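Hello,

Here is the structure for you to look over. My notes follow below it.

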Amino acid sequence: MIPKVHTQTIELGDGRTISIETGKLAKQAHGSVVVQMGKAMLLCTVVSNYKQSDVDFLPLTVDYREKFAAAGRYPGGFFKREARPTDAEVLTMRLVDRVLRPLFPKDYHAETQVMIQLMSSDEDVMPDALAGLAASTAIQLSDIPFETPISEVRVARVNGEFIINPSRELLEQADIDMTIGASADSVMMVEGEMDECSEEEMAEAIKFAHEAIKVQCAAQVALAASFGKKETRTYEPEEENEELATRIHDAAYQKCYDIAKKGTSKQERSTAFEEVKEEIKASFTEEEVAEFGGMIGKYFNKAQKTAVRELTLSEGLRLDGRKTTDIRPIWCEVDYLPSTHGSSIFTRGETQALATVTLGTSREANQIDMPTYQGEETFYLHYNFPPFCTGEARPLRGTSRREVGHGNLAQRALKGMIPDNCPYTVRVVSEVLESNGSSSMATVCAGTMALMDAGVQMKKPVSGIAMGLISDGDRYAVLSDILGDEDHLGDMDFKVTGTADGITACQMDIKVKGLSYEILVNALKQARDGRLHILGKITDTIAQPGADVKAHAPKMVSRRIPNEFIGALIGPGGKVIQEMQKETGCTIVINEDPITEEGIVEILGTDQNGIDAVLAKIDSLLFKPQVGSVYEVKVIKMLDFGAVVEYTEAPGNEVLLHISELAWARTENVTDVVNMGDVFDVKYFGKDPKTRKDKVSRKALLPKPEGFVERPPRDNNRGRDNRGRDNRGGDRDRKPRSRD
């Protein structure tokens, strides 16, 4: 039977369209949709179990994958199939998850899986910008409980104009690149990078994106209505007990308020809150504890959260005793690790990051091989969050999605300040050693100092800060430099990085509905004050990048050579370049520039003498003597018919000085005039037309002796007729014929 297909079209306002279609593919999923823009097509499905899981959270999995077949390519590697997700795919999963998760009912705990797959690629369409639209539409077409449609768009500013879902080519020209997630009435998620933009410019970009999202949300509603919106499923909600909630609130609220007001450390607060919780639990009989189960803990946490929020809103105080604008104490250090190319420690309160920098050649660039993009990064940052940094012991399962996301945020914050002419591939690694509030922003600060310590000539130093917001509808408080607990109990947490002149990156998760742009801009301006305070601590520690890399760090020199000389530099089977690397201790990398048709030679080494030796070899290779010029040479080999000499300014370049060019007088033996190791000047005459070899002369620079008569050139045809036969005496030299 031919399926009935339902489609809605979304106009982007510049001739481009997005279509959302259902009814043709994956009909056994609880919801499925195909989103298409240009030739790019995403298939998104959602399935949610009808039975609640035995957990107190939503076990939601968002998975995004790009199929190589979508671009007509094979996966790399030995096994020709897609394997673990790339960092870019993980980042897309996180972007979608952060917007979807808050919109499921708080008591909905059924295992839910959203799968988004790129099935067809278009080089002019970046599919990650369509993933949020696909996920929300699939949910709208299902019976899964969900508060409201959402969508995500990418907004870029190119030449002063905002563009929705730009191509990668346009994105490379943008000074603002942000992904916004929102419902029709509220912005919920913001992430992006900027070229030192202002707070007002950032807010304008969010507004522009939100208008496009409203249109996409309306299209989802229309498609669901056309398809036949399913009735939302019923599920067994969590048991609630208002009487119990009131009893626990009355017993816990004031005690929690008093603990929060003391302004103690994380460990002291945790111990004090736990003692109150155990005290309240002890007030219940064994039968009540068995009956109410986890509700006691849930209602206690609710009372604790209410008390902490009220303390901030009514008195402007926070869990550790700070006021809303206060930044925790900061201390910094650089050059801590003696063997690294650059290192630093950044400690703010109970959060600490140790950053290292490693410098290398283009061979160490981070290779990116995806269906939609192939390229490389010459600046990249890795972030590690071991369990001990929060005082925990848990299994190590490889790099987590969180680590990928936080590392990417710090990388975007810093990469714009790496100079375009930086000759190195630069890798920054952040090891989080303590964490209680925004280790990603500590990574930005530590990364800045480590880069400057390594001698990377950053355009400007960058700092970062994590902010929070608490609001009850009438009152609100913006919190600078939030703690981990404040991240959990607040209505918005956002991270902002930048220089003294503007924002370079941001990440926001907004939990309060209908946040006004006025509050948003005020929060961003308060963040700017905090950033500048932290930036001052950084520059007090290291004011500017080192003038050069460290003595034990590799020095990098780049040299361009014509493509025609690349083969000679490499040598047969790589013999020449391998011997040079062995002799000099340098790493030599050769790349071809297809635009200029030149070879780019990268020389990396710790010994300047070795680098100089490689440069001398290149200079020697490129040396071309000019006709009529005089050059100093050195005798390196003696022959019967002349001496082999080497240009002293280009070692390795040899030429034969013929015996006839040694002196004006007839020379019987080469050693009568020159010997091994002699240094003198010669004149270059270019290619000899007879021998087609370079001709140089020593005698041309010597005064001609008085009365000297040049010997006439030898006539090689003397004594022969015009047919080249000997005509001197007939056949006298001819051998007699054999009579046999």
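Predicted model: local features only at pLDDT ≥ 70, side-chain atom pairs only at ≥ 80, totals over all residues.

Helix α5 covers residues 242–261, and helix α8 covers residues 295–315. Their axes come within 7 Å and cross at roughly 45°. The crossing of α5 and α8 is right-handed. Nonpolar residues number 16 in the contact of α5 with α8. Four polar and three charged residues are also part of that contact.

Next, the domains. The assignment gives domain 1 as 6–227 and domain 2 as 242–315. Domain 3 is 330–541, domain 4 is 562–618 and domain 5 is 629–701. How far apart are the C-alpha centres of domain 3 and domain 5? They lie 64 Å apart.

Now helix α2, residues 131–140. Is α2 mostly covered or mostly open? Mostly covered: ten of its ten residues are buried. Among them are Gly132, Leu133, Ser136, Thr137, Ile139 and Gln140.

Last, a point from the records. An unreviewed UniProt entry places the feature "binding site" at Asp487 and Asp493. Asp487 sits in helix α11, which spans residues 484–489.

Best wishes

Notes: Residues numbered from 1 in each chain as written. Heavy atoms only, no water. Axes fitted to C-alpha atoms, helices over the stretch in contact; angles between N-to-C directions. Helix = DSSP H or I, 4+ residues; strand = E, 2+ residues; numbered from the N terminus. Left-handed = near helix turned anticlockwise from the far one by under 90°. Nonpolar A, V, L, I, M, F, W, Y, C, P; charged D, E, K, R; others polar. Domains from an automatic or database assignment. Buried < 20%, exposed > 50% of the residue type's maximum accessible area, 1.4 Å probe, protein only. UniProt positions renumbered as here; feature names shortened; annotations may be inferred.
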